Amino acid sequence: MRHVVLVIPPAVERAGKAWELMDPRAVIVCADHEQAVLWADAAPPELRAHAVTGLARTAALLKEGRVGVLVGSPADLGTLLTRSALKLDTLDTLVIAWPESFAGELDTLLGEAPEARRVILSWNPHGLTDFIERHARRAEIVGDMPLDSVGKPLGPVASARYAVVPAGRRAVAVRDVLDAVRSVRPYVWQGGDVVAPAEPPDAVVATTLPTREELRLLSAIAQPLMVALASQVPYLKSIASLSSFALPSRADRAQDRSAALRAEVSARLTQGDVDAELAVLAPLFEEHDPALVAGALLAISRQPSAVSQPTPVASPQSGWAKVFVTVGTKDRASAKDLVGALIKEVGLQKGQIGKIDVRETFSLVEVSPDAADQAVRRLSGVSIRGRRVTARPDRG
């Protein structure tokens, strides 16, 4: 079988052709855990794709024969080889997903699969000439090489802005972008044909990576703002003159809320009569600093009201939804850390949280079914024990 190089932007959603070239026992080598999870989520169900996010679990699944297509970073796949949990000498297809940033890490791994057909996804095959010659000699190149008529690399086709966000927060990031630019007539491009809307938009946001031609069409409407993974930025720099766009951070949004609260209190003091309230608090002022009393009142106001009716939550009898979270014991994370994040960052109540199983490299969290989407959406991007985590529904 002949080796193949597919020239496509470094986005899993653009890699449809790659699935057609895989057999049910293929291995996909990608940059990191985030990319591995994206590949596994996008795979056709019949391929039984598994992302290496925990070495011990992956080794067990391989031993049981429960993995079809395996996806992982060079380091993780190399460790599985060292432990004899993974064997590549009889592999038929090895997919190497955009190795521009990690080609130097692949010599040992590829040496273990000398007979496997290489399917290399690349946005810049010209920069991988030595790698392709060494590991996929005489490969068929499918797609347009980013070179001009004399063989020189093509330059940027337009100017654009970009914001780097984790994959799990892409939908939230689009909302944050539109809020930040105060857009009222946005054009959000999620792939497919670029069609200018009848009413000129005040913002163009791209949620997937465009080709050169798609970027040219988007920029003809308005300067695009692209939401991207950190690993995709080198590609963007090759097709666009880039400037970064800083999204409001969680701390920024918290500061906004704090500023709004201070303004509300100031207005109440200026315009309202608080004599009755002061009369209630006067005994406390004799025992405590008034500033501490104000702080305690604010803390109480942020707690759920004792007299409010709690939102109905699921009980174990009605079943739990499981959420997979990319943090585990190797990160020094505990169930207490996850409970704190679910309550403080996600906004769940204790009754909406069930069993938490913390493994070596990941955790499985039970939440009530009505809170599962909220947990996945808001937990992704949160830092737990210094690690920014990704959350997704557990597939069992």
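**Questions on a predicted model**

Colleague: Does Trp98 count as buried or exposed?
Modeller: Trp98 also has a phi near 50 degrees, a positive value in a residue other than glycine, and the place of Trp98 is in the loop between strand S5 (93-97) and helix H5 (107-111). Buried means under 20% relative accessible area. Since the relative accessibility of Trp98 is 8%, Trp98 counts as buried.

Colleague: How many residues does the largest nonpolar core have?
Modeller: Trp98 is among the residues with the most contacts inside this core, and so are Met22, Ile28, Trp39, Val69, Leu121 and Leu236. Leaving aside residues up to four places away in sequence, Trp39 touches several residues, including Met22, Ile28, Trp98 and Leu121. A second, separate core has 29 residues, among them Val52, Ala103, Ala136 and Ala139. For the largest nonpolar core, the number of residues is 48.

Colleague: By how much of a helical turn are Glu20 and Lys17 separated?
Modeller: The side chains of Glu20 and Lys17 meet in a salt bridge, with 3.6 Å from N to O. Glu20 is exposed, with a relative accessible area of 59%, whereas Lys17 is partly exposed, with a relative accessible area of 42%. An α-helix has 3.6 residues a turn, so residues three or four places apart point the same way. Because Glu20 and Lys17 are 3 residues apart in helix H1 (residues 16-20), their separation is about one helical turn.

Colleague: How many residues apart are Asp331 and Arg387?
Modeller: The side chains of Asp331 and Arg387 meet in a salt bridge at 4.0 Å, N to O. The pair links distant parts of the chain, with Asp331 in the loop between strand S13 (321-325) and helix H13 (335-346), Arg387 in strand S17 (residues 387-388), and a separation of 56 residues. Asp331 is buried, with a relative accessible area of 13%, while Arg387 counts as partly exposed at 25% relative accessibility.

Colleague: Which residue forms a salt bridge with Arg385?
Modeller: Arg385 is partly exposed, with a relative accessible area of 44%. In this salt bridge the closest N and O atoms of Arg385 and Asp337 are 3.1 Å apart. Arg385 lies in the loop between strand S16 (383-384) and S17, and its partner in helix H13, so the pair ties together parts that are 48 residues apart in sequence. The residue asked for is Asp337.

Colleague: Which residue in S11 stands opposite Ala206?
Modeller: Strand S10 (203-206) runs parallel to S9, joined to it by 4 bridges, and Val188 stands opposite Val205 in S10. From S10, Ala203 and Val205 point one way and Val204 and Ala206 the other way, and all are buried. S10 is also joined by 3 bridges to strand S11 (residues 224-228), and these two run parallel. Opposite Ala206 stands Met226.

Colleague: Through which helix does the chain cross from S10 to S11?
Modeller: The chain leaves S10 and reaches S11 in a β-α-β crossover that is right-handed. The helix on this path covers residues 212-221 and is H8.

Colleague: What separates the C-alpha atoms of Ala196 and Ala220?
Modeller: The place of Ala196 is in the loop between strand S9 (186-189) and strand S10 (203-206). Because its relative accessible area is 51%, and exposed means over 50%, Ala196 counts as exposed. Ala196 and Ala220 are 24 residues apart along the chain, and the separation of their C-alpha atoms is 8.7 Å.

Colleague: Which residue with a positive phi follows H7?
Modeller: Helix H7 (residues 170-180) holds several buried residues, including Arg170, Val172, Asp176 and Leu178. The residue that follows H7 has a phi near 55 degrees, and this residue is Arg182.

Conventions. Residues are numbered from 1 along each chain as its sequence is written. This is a predicted model: local features need pLDDT of at least 70, side-chain atom pairs count only at pLDDT 80 or more; totals for chains, interfaces and linings use all residues. Side-chain values use heavy atoms; hydrogens and water are left out. Buried means under 20% relative accessible area, exposed over 50%, partly exposed in between (1.4 Å probe, protein chains only). A nonpolar core is a set of buried Ala, Val, Leu, Ile, Met, Phe, Trp, Tyr and Cys residues joined through side-chain atoms within 4.5 Å. Contact means heavy atoms within 4.5 Å. Two strands pair if DSSP finds at least two bridges between them. A crossover is right-handed if, with the strands pointing away from the viewer, the path from the first strand over the helix to the second runs clockwise.
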